[in-house]
Amino acid sequence: MSAPHMSPDEFRRAGYAVIDWIADYWTTVEQRPVTPAGPPGAVASALPTAPPTVGGEPVEAILADLDSIVVPGLTHWQHPGFFGYFPANTSGPSVLGDLVSSGLGVQGMLWTTSPACTELETVMMDWLAHLLDLPKRFHSTGGGGGVIQDSASSATLVATLAALHRASRGRWRENGIDRRYRAYTSTHGHSSIEKAARIAGLGADGVRSIDVDPDSQALLPAALRAAIEADLAAGDIPAIVVATIGTTSTTAVDPVAEIGAICAEYGIWLHVDAAYAGSAAVCPELRWSHAGLEYADSYCFDPHKWLLTGFDYDAFWVADRAELVEALTVLPEFLRNAATESGAVIDYRDWQVPLGRRFRALKLWFVLRWYGAEGLRAHIRSGVALAARFAKRVRADDRFEVVAAHPFSLVCFRLRADDDTNAALLAEVNGSGLVHLTHTRVSGRYTLRLAVGAPQTTEAHVDEAWRLLSAAADNLPTP
């Protein structure tokens, strides 16, 4: 006999319990160590080796094990002392939107499989384009438009495939890689660019890493032009340039206008990756970072990083949606329908690698309606101000140095000491369980990163991070 399905009434009772559990988690997250202390395998060893065989278990038992087994093994990304990597924000409205999406369980691969899923997504992407003041060519009312990808990595892959289609004048779609194509990005370009090139068949060697300015850490246009000219002379075909607004290491901003002019001159696809820093453009005073975006063939940013929309949600736009669809469309007989054949609807299956797609637009709809433009701007401005506050503390201490500009909410800094000492400082501070920072290398030197973004982070938490760093520096041996 099969287990009975959860009835609506049972779901209602269990749902209340789960919502209460999440609310309690957010209330108490600050009291938990940011990162787990258990060794590898601790969670797996506490779980049964096989699922239940007879009957089922009540939600209360599942939540009890969630508390005792799963949560102690988590890194708490919503902790106000989490300063690692980049933010991975979520919020109450986002969670509720995701819950509704899960409850509806619709499949949005075609307009006809759930019209509201497609149309809400189109409108939400236009809302975002308006909030960021993106060029009109990215709006759905023109020849372009936006689509939700799972991550900026997928956006880069899709852009690479469309760029190959253009560079090959359509041959790529039927014949695949029939000659040497090249992709270009700065030495600080995201690892997803190399992965996209490998998946697309260019190979890791097909990516040209372009030198950066030692001061700004931004891509050097002259070096890009030289690389393109060298490849053309060798008979290779430049296919795509990926410029970054807010690089992962330091949030450097590549000179998009200069890069775009070069791409226009040579007919190269320009993709702009603003995965983290794109959210800042909701604030008019931070839109300087998007200068030159009118040159871009595609652009993306992640609301799931800094715009209070839970993972996964990447916003990806193209200037010419027909070009993208031509590169990616595959239409088997079982997907044919009158709406598609009319040409009057968007089928987002043609804008991504997978066929199926979730109703992700709901969580952004909830977020935008709950916070409004000014609420989102307040969140961004708070992060920028807190980062500036921390940087001021660093600069006031002669033992430390800020090693890169911090226009957004990331500060890169280090002790004026060797790499091993800086690594020891990071380990000591993270070992407290009160905060969590990560590291990178800037100009070859081991560098600490403090990225502000968690919704609950306040001045007190940033000050606590500095207190821990300063105290740990006092106790480190002088090299």
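Start by selecting helix α5 (residues 115–132), which lies across β1, β6 (298–301) and β7 (314–318) and runs at about 85° to β7; helices (H or I, at least four residues) and strands (E, at least two) are DSSP runs, numbered from the N terminus, and the angles run from 0 to 180 degrees between N-to-C directions of axes fitted to C-alpha atoms, for helices over the stretch in contact, where contact means heavy atoms within 4.5 Å. This is a predicted model, in which local features need pLDDT of at least 70 and side-chain atom pairs count only at pLDDT 80 or more, while totals for chains, interfaces and linings use all residues. Residues are numbered from 1 along each chain as its sequence is written, and side-chain values use heavy atoms, with hydrogens and water left out.

Next, select the open sheet, whose 7 strands follow the order β1-β7-β6-β5-β4-β2-β3 with mixed pairing; two strands pair if DSSP finds at least two bridges between them. At the edges stand β1 (145–149) and β3 (207–210), each with a single partner strand, so one side of each is left without a neighbour in the sheet.

Now show the side chains of D297 and R166, which meet in a salt bridge at 2.8 Å, N to O; the term requires a side-chain nitrogen of Lys or Arg within 4 Å of a carboxyl oxygen of Asp or Glu. D297 sits in the loop between β5 (269–273) and β6, whereas R166 belongs to helix α6 (residues 152–167), 131 residues apart. D297 is buried at 11% relative accessible area, and R166 is partly exposed at 26%, where buried means under 20%, exposed over 50% and partly exposed in between (1.4 Å probe, protein chains only).
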